[in-house]
Amino acid sequence: MAVSRRFLRMLPQTHPIMEDLMARTLFSILLMALSMNAFADATVPTKDDAGSKDLTFLKRYEGSFIINYEHKGFDESSFPLSKLKPSADADAHDAQNNRVVEADKKANVEGVYTRILYLAPADRSPLEVIRNYQDEVEAGGGKVLYACKDTDCGGEMEGNDHGGGTQGLLEKIYPHERLKAAAFSNGNCASTRDVKEQRYMVAALPADGSQATLAVLTYTVGDDLYCKAFNERTVTMVIAIEPKAREKKMVTVSASDMAKSIAATGKIALYGIFFDTNKSVVKPESKPTLDQIAALLKDQPTLKIGVVGYTDNVGGAAPNLSLSKRRADAVTNALVEDYAIDPARLVPSGAGMGSPLATNDTEEGRAKNRRVELVKK
């Protein structure tokens, strides 16, 4: 109770009865918070997390347990292949208000996505663990594309839940936006606490008849509070992308249907314009949709439209805003150069990750948020 009263002395003076009531309320809230957190503390695992499993083409480090697992039938990742450096845009910050860092070289890959977090046995160093993974890659006919350690990797050595600083390697391959594990749980503690030592590699590895791209990050966790069970323990994060053609389930919208939607609502969302991950070059398979946009504009010669690019929330607000604008510019340029549309009738803009149409917690939702909208001007 004394702590609460010392806190109350910092507030404007109140009636003694009211002060006592406030003190008791604060004390009750504190006890409740401590009680809730006590049940959420990290614990050393004795079995794998429910529903998790190893990759079919890569063994785990002996004695490790899976403490967090994520699998998507189709998703994307961007793995740094060179040292992280501050973005050329000094004002670029992520959703946690960290300054954005970028690698000059990176592997942008799409396909079957699997992320596994392992807790290694006690007294194993990040170096020892990653050397074993390197051995497995080479024994399996794979090749290490890039490797680094500690601050040589660039950025800050932090977990993916900090703010007000500079992004680090952990945040680049496993952004805060993907973090779904409950606070202070094993899965949460494994990626949000301080990083005291780290080793990183990206590799190409044969996998079930194709070639997977693999990122492995081993690091020592530092914490003396709710995650102290992991203090000085080595965590291994394995992210694998296995090649797979994306299922094309979006039907090309006809020019007449575009016209109906624009007449009724003033806009239409289109999903038939394709780009590579983090790229703004319109892919050839976008032609059917571009054909229909051009037909719409030729059918209605006085129509002016805004071409608005949208993204999901992976990668942070500032980079996504820039990417969405470049993609809108690319669509506009394609309509002008390939279909002879008057540029005065097109107004490109980017909205980034703003105004999502669905949740960003699933790949299906993120796919719906990655779109180009035509808006009547």
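Begin by selecting helix 8, whose 23 residues reach 32 Å from the first C-alpha to the last, close to the 33 Å expected at 1.5 Å a residue; the expected span is 1.5 Å times one less than the number of residues. Helices (H or I, at least four residues) and strands (E, at least two) are DSSP runs, numbered from the N terminus. The structure is a predicted model, in which local features need pLDDT of at least 70 and side-chain atom pairs count only at pLDDT 80 or more, while totals for chains, interfaces and linings use all residues. Residues are numbered from 1 along each chain as its sequence is written, and side-chain values use heavy atoms, with hydrogens and water left out.

Next, colour the buried residues of helix 8, including Leu323, Arg327, Val331, Leu335 and Tyr339. Buried means under 20% relative accessible area, exposed over 50%, and partly exposed in between (1.4 Å probe, protein chains only). The buried residues of helix 8 pack against helix 7, strand 10 (305-310), strand 11 (346-352) and strand 12 (371-376).

Which residues of helix 7 meet helix 8? They are Lys287, Leu290, Asp291, Ile293, Ala294 and Lys298, and they meet Val331, Ala334, Leu335 and Tyr339 in helix 8. The residues of this contact (heavy atoms within 4.5 Å) divide into seven nonpolar, no polar and three charged.

Move on to the largest nonpolar core, which has 36 residues; Phe79, Ile173, Leu217 and Phe230 are among those with the most contacts inside it. Such a core is a set of buried Ala, Val, Leu, Ile, Met, Phe, Trp, Tyr and Cys residues joined through side-chain atoms within 4.5 Å. Strand 4 (residues 106-119) gives the most to this core, with five residues. Apart from it lies another core, of 26 residues, among them Leu303, Val307, Tyr339 and Val372.

Finally, select Asn186, which is in helix 5 (residues 186-192). Asn186 is buried, with a relative accessible area of 16%. Leaving aside neighbours within four places in sequence, Asn186 is in contact with Ala42, Thr43, Pro45, Ile67 and Phe230.

Key:
Ala, Val, Leu, Ile, Met, Phe, Trp, Tyr, Cys and Pro count as nonpolar, Asp, Glu, Lys and Arg as charged, and the others, Gly among them, as polar.
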